[in-house]
Amino acid sequence: MRALLVVALAVLGSAACSSKKQPPVATHSPLADSADQVMYGARFKMTEQGLARAQLEADTAYFFDDNTRVELQKVHTTFYTVTGAKDAVLTSQHGTYNTRTSNMIARKNVVVVTEDGRRLTTPELIYNQQKNEIASDSAFVMTEPNRRLEGIGFRSDPNMKNIQILKGASGMARGISTEPAPTASSSPQR
């Protein structure tokens, strides 16, 4: 009887030990294993003929191909006008920066917000520094006060003042009258 009690306690004890939660394991990017270099808190200044065009920041940067291709995590890019004023801010989960061409591809939950309130969302966006152009072949939505545009593919300056929609353009605007404006001859007489 005593031997049976010892065996029962041993089984209960081992069951209690095996039901403990394992400590959490931190997520690990597979990029870190094959990268030439890893940088945390990365910051790149994109200039064009001495003028700052954008500042690219990322939580983590993985360098490949003789440091010409940089894979980025948690991207934050600030665009500037030719006078150096802040123009717009881009955020995304991932990105790729080519140090030879100074072009960047932003991927996953890409959002661009201009200083005057325009907001663009798309799954992927390309920033061409030489043209100072943002573009995408993916679906996008651009909203601003009183207007919403949607389409598939666009080309624009980072401030989205000159946007060209490539396909499937649709939108809506509030507060815009389609009636002709009154002329001086049609105004009521006093």
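**Chat about a predicted model**

Q: Let's start with N109. Buried or exposed?
A: N109 is exposed, at a relative accessible area of 52%. Keep in mind that this is a predicted model.

Q: What's phi doing at N109?
A: Phi is near 55 degrees there, which is a positive value, and N109 is not a glycine. Most residues other than glycine have a negative phi.

Q: What about phi at Q49?
A: That one is positive too, near 50 degrees, again in a residue other than glycine. Q49 lies in the loop between β1 (37–48) and β2 (51–64). Its relative accessibility is 79%, so Q49 counts as exposed.

Q: OK, zooming out. How many helices and strands does the chain have?
A: The protein chain has 2 helices and 9 strands. Going from the N terminus, the order is α-α-β-β-β-β-β-β-β-β-β.

Q: How much of the chain is buried?
A: Of its 190 residues, 33% count as buried. The accessible surface of the chain is about 12,400 Å², and carbon and sulfur atoms hold 54% of that.

Q: What share of the contacts is between residues 24 or more positions apart?
A: 35%, taken over the contacts in the chain with a separation of 6 or more.

Q: Switching to buried loop residues. Where is Q129?
A: Q129 is in the loop between β6 and β7. Its relative accessible area is 2%, so Q129 is buried.

Q: Which residues does Q129 touch?
A: Leaving out residues up to four places away in sequence, the list is M46, T47, E48, R53, S102 and N103.

Q: What polar partners does its side chain have there?
A: A polar atom of the Q129 side chain lies 2.4 Å from the backbone oxygen of T47. The side chains of Q129 and S102 are joined by a polar contact of 3.3 Å.

Q: Now M160: which loop is that in?
A: The one between β8 (147–156) and β9 (163–173). M160 is buried, with a relative accessible area of 2%.

Q: What's in contact with M160?
A: Apart from neighbours within four places in sequence, M160 contacts V112, T114, R118, R119, L120, I134 and M142. Take L120 from that list: L120 and M160 are 40 residues apart along the chain, with 8.6 Å between their C-alpha atoms.

Q: Last topic, pockets. What's the volume of the largest pocket?
A: About 160 Å³.

Q: Which residues line the largest pocket?
A: The lining is made of E124, L125, I126, N128, E133, A135, S136, D137, S138 and R155. Two elements give two or more residues to it, β6 (119–128) and β7 (133–144).

Q: Which element gives the largest share of that lining?
A: β7, with 5 residues.

Q: And how do the lining residues divide into nonpolar, polar and charged?
A: There are 3 nonpolar, 3 polar and 4 charged residues. Among the residues named in the lining are E124, D137 and R155, and Asp, Glu and Arg count as charged.

Definitions and conventions. Residues numbered from 1 in each chain as written. Predicted model: local features only at pLDDT ≥ 70, side-chain atom pairs only at ≥ 80, totals over all residues. Heavy atoms only, no water. 1 Å grid on protein atoms, 1.4 Å probe; cavity = no way out; pocket = protein on both sides within 12 Å on 5 of 7 lines; lining within 4 Å. Points joined across faces, edges and corners; volume = space filled by probe spheres on them. Helix = DSSP H or I, 4+ residues; strand = E, 2+ residues; numbered from the N terminus. Buried < 20%, exposed > 50% of the residue type's maximum accessible area, 1.4 Å probe, protein only. Contact = heavy atoms within 4.5 Å. Areas by Shrake-Rupley, 256 points an atom, 1.4 Å probe, with all protein chains shown as cover. Polar contact = N/O pair within 3.5 Å; in protein donor to acceptor, adjacent residues only side chain to side chain.
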